[in-house]
Amino acid sequence: MIKMIDLPYALTDLEPYYSEETLKLHYEVLYKGYVDNTNKTHEKLILARNNNDFSNIKCLEKNLSFFGSGAILHKLFFENLTPAHKDIPNLTLMQQIIHDFGSYAKFKNQFTAASISVEASGWCLLVWVPEFNRLEILQCEKHQDLTLWGCKPLLVLDMWEHSYYLQYKTNRESYINAIWNIINWEVVSNRFKNK
Ligand code: MN
């Protein structure tokens, strides 16, 4: 069974950049749904194996990828936010960003542009790609489409409407500009260190 993480801050702590109302619904309802549905899918897969009945297997495998990826990405998302203004990558990650994107500003511009143009519901991610030995920025649709195999997510930004609509309506750019203030670069830098 997978479990929800505890939020590493209070529901009001990310104000004014990320409202209590949005965070509460996002964490207590939406994230919980992905964790619960991942566990339900695991239970159904056990039943299918025990009964040797794989008539629904295509749907179960699809749900495993969708709900499981949703659970993983939300955990990473809540963890990589902070009220504490840890707002630049550590030296090692900064050097890698400059090496792979040209400069921190170019990275930030690409990440912002990629976030704004995520099609429908999805995510923007800074990832480490071991096969390429470099950082990349990925746009993800839903929770699982458009990845590179084996990549390690370092920084993830939720671009589903539920993540910004209550506070920012259709203005994705103001949402992203606000989020830059509450990125936990310490967490992101540690993910890179432990890649
Ligand atoms: Mn979400």
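Start by selecting Cys140 and Cys151: the closest cysteine sulfur to that of Cys140 is the one in Cys151, 9.3 Å away, so it is too far for a bond. Before moving on, know that this is a predicted model, where local features need pLDDT of at least 70, side-chain atom pairs count only at pLDDT 80 or more, and totals for chains, interfaces and linings use all residues. Residues are numbered from 1 along each chain as its sequence is written, and side-chain values use heavy atoms, leaving out hydrogens and water.

Cys140 is buried, with a relative accessible area of 6% (buried is under 20%, exposed over 50%, partly exposed in between, with a 1.4 Å probe and protein chains only).

Cys59 is in none, and its nearest cysteine sulfur, in Cys140, is 19 Å away. Cys59 is partly exposed, at 36% relative accessibility.

Next, select helix α4 (residues 104-116) and helix α6 (residues 172-179). Their axes come within 9 Å and cross at roughly 140°; axes here are lines fitted to C-alpha atoms over the stretch in contact, with angles from 0 to 180 degrees between N-to-C directions. Helices are DSSP runs (H or I, at least four residues), numbered from the N terminus.

Finally, show side chains where they touch (heavy atoms within 4.5 Å). On α4, pick Thr112, Ser115 and Ile116; on α6, pick Arg172, Glu173 and Ile176.

Definitions and conventions:
Disulfide = S-S within 2.5 Å. Helix = DSSP H or I, 4+ residues; strand = E, 2+ residues; numbered from the N terminus.
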